[in-house]
Amino acid sequence: MSFFRRLGIRAKEDELMDDFSMGGEELREALRHLRRLNKIFAAPGPTVSGVEKLWNSMGSPGRLTILDVGAGSGDVNQKLLQWAKKQGIDMQITLVDLTEEACEEARQLFQDEPRVRVQCSDLTALPDAAADIVTGSQFIHHFEGDQLVDMVNHMLRASRYGVVINDIHRHTVSYKAVWITTRLISRNRYIRHDGPLSVAKGFTDQDWLDLKQRLNHDTMTYEWRPLFRYSVVIPQKRGVIS
């Protein structure tokens, strides 16, 4: 992959993690290294910001259920649990992923956390209104076109109050930063290949505006958050976030 990749339009090729015939210990190692990348690039922030925004629009209830889809090992939720404790919220989180490797990593990471459970499942198979808020961190950049719209609609279907998306800003600076960092912290081929590619498959303001139009969802909002991420909030249409 070229270091000076053109980023004018979203990349279309699959990431290695999209090939479910692969996996095993190499994938589990990649998930552990991804947790390091998430710490370096402050990955939890957009999720916490978006959930707080939706929570306020709900009237700041004392109990909140979260469904995190495509969760990987679910590490971004550690900050969300800290936020909930500070706010006095009884929070329950369900981490959902398709791969057994991710689910096992999540079970180990949260083995002493009773507020978290892990479910190996496909987003499309989840029941309607399964949780108050459905979140996805670095999940929807795996999709494009009609499939992207379908996945977001499935997230909305599974939520009672709305969806929070945390995903990557497609930008030259973020691409080069991830390219360099992945090579400094890891020799894992998933990390070195998928890390920069995930930025190339990321989003710009115009991409979010296009998605908003395709969803026909006037109350969808998005904001840029450090470091080179977006926090996207899509409330159920019966409620509006101010």
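Glutamate 26 is partly exposed, with a relative accessible area of 29%, and in this predicted model the residue lies in helix H1. Although 163 residues separate glutamate 26 from arginine 189 along the chain, their C-alpha atoms are 8.4 Å apart. When neighbours within four places in sequence are left aside, the contacts of glutamate 26 are with Asn188, Arg189 and Tyr190.

The chain as a whole contains eight helices and seven strands. Its radius of gyration is 17 Å, close to the 18 Å that the globule rule gives for 242 residues, so the chain is as compact as a globular protein of that length. The C-alpha trace spans about 45 × 40 × 30 Å along its principal axes, and 53% of the 242 residues count as buried. Of the contacts between residues at least 6 apart in sequence, 77% join residues that are at least 24 apart, and the pair formed by glutamate 26 and Arg189 is 163 residues apart along the chain. The accessible surface comes to about 11200 Å², with 49% of this area belonging to carbon and sulfur atoms. The chain carries 32 positive and 32 negative charges, and the mean positions of the two sets are 5 Å apart.

Valine 163, for its part, is located in strand E5 and counts as buried because its relative accessibility is 0%, where the limit for burial is under 20%. With neighbours within four places again set aside, valine 163 is in contact with Leu54, Val134, Met155, Leu156, Val232, Val233 and Ile234. The C-alpha atom of valine 163 is separated by 8.6 Å from that of glycine 50, a residue 113 positions away along the chain.

The backbone was also considered. Most residues other than glycine have a negative phi, and most peptide bonds are trans. Against this background, the peptide bond from proline 226 to leucine 227 is cis, with omega near -5 degrees, and leucine 227 is placed in the loop between strand E6 (221–225) and E7. A positive phi of about 55 degrees is found at alanine 42, although this residue is not a glycine; alanine 42 is in the loop between helix H1 (25–40) and helix H2 (45–57). Glutamine 138, also not a glycine, has a positive phi of about 55 degrees and is situated in the loop between E4 and H5.

Leucine 98 is placed in the loop between strand E2 (90–97) and helix H4 (100–109) and is partly exposed, with a relative accessible area of 46%. Beyond residues up to four places away in sequence, leucine 98 touches Phe20, Ser121 and Asp122, while its C-alpha atom is 29 Å from that of leucine 184, which is 86 residues away in sequence. Serine 60 is found in the loop between H2 and E1 and is likewise partly exposed, its relative accessible area being 35%. Serine 60 and isoleucine 40 are 20 residues apart in sequence, and their C-alpha atoms are 30 Å apart in space.

Conventions. Residues are numbered from 1 along each chain as its sequence is written. This is a predicted model: local features need pLDDT of at least 70, side-chain atom pairs count only at pLDDT 80 or more; totals for chains, interfaces and linings use all residues. Side-chain values use heavy atoms; hydrogens and water are left out. Helices (H or I, at least four residues) and strands (E, at least two) are DSSP runs, numbered from the N terminus. The radius of gyration is taken over C-alpha atoms; the globule rule is 2.2 Å times the number of residues to the power 0.38. Buried means under 20% relative accessible area, exposed over 50%, partly exposed in between (1.4 Å probe, protein chains only). Contact means heavy atoms within 4.5 Å. Accessible areas come from the Shrake-Rupley method with a 1.4 Å probe; for residues, only the protein chains shown count as cover. Lys and Arg count as positive and Asp and Glu as negative; His and the chain ends are not counted. The place of a charge is taken as NZ of Lys, CZ of Arg, CG of Asp or CD of Glu.
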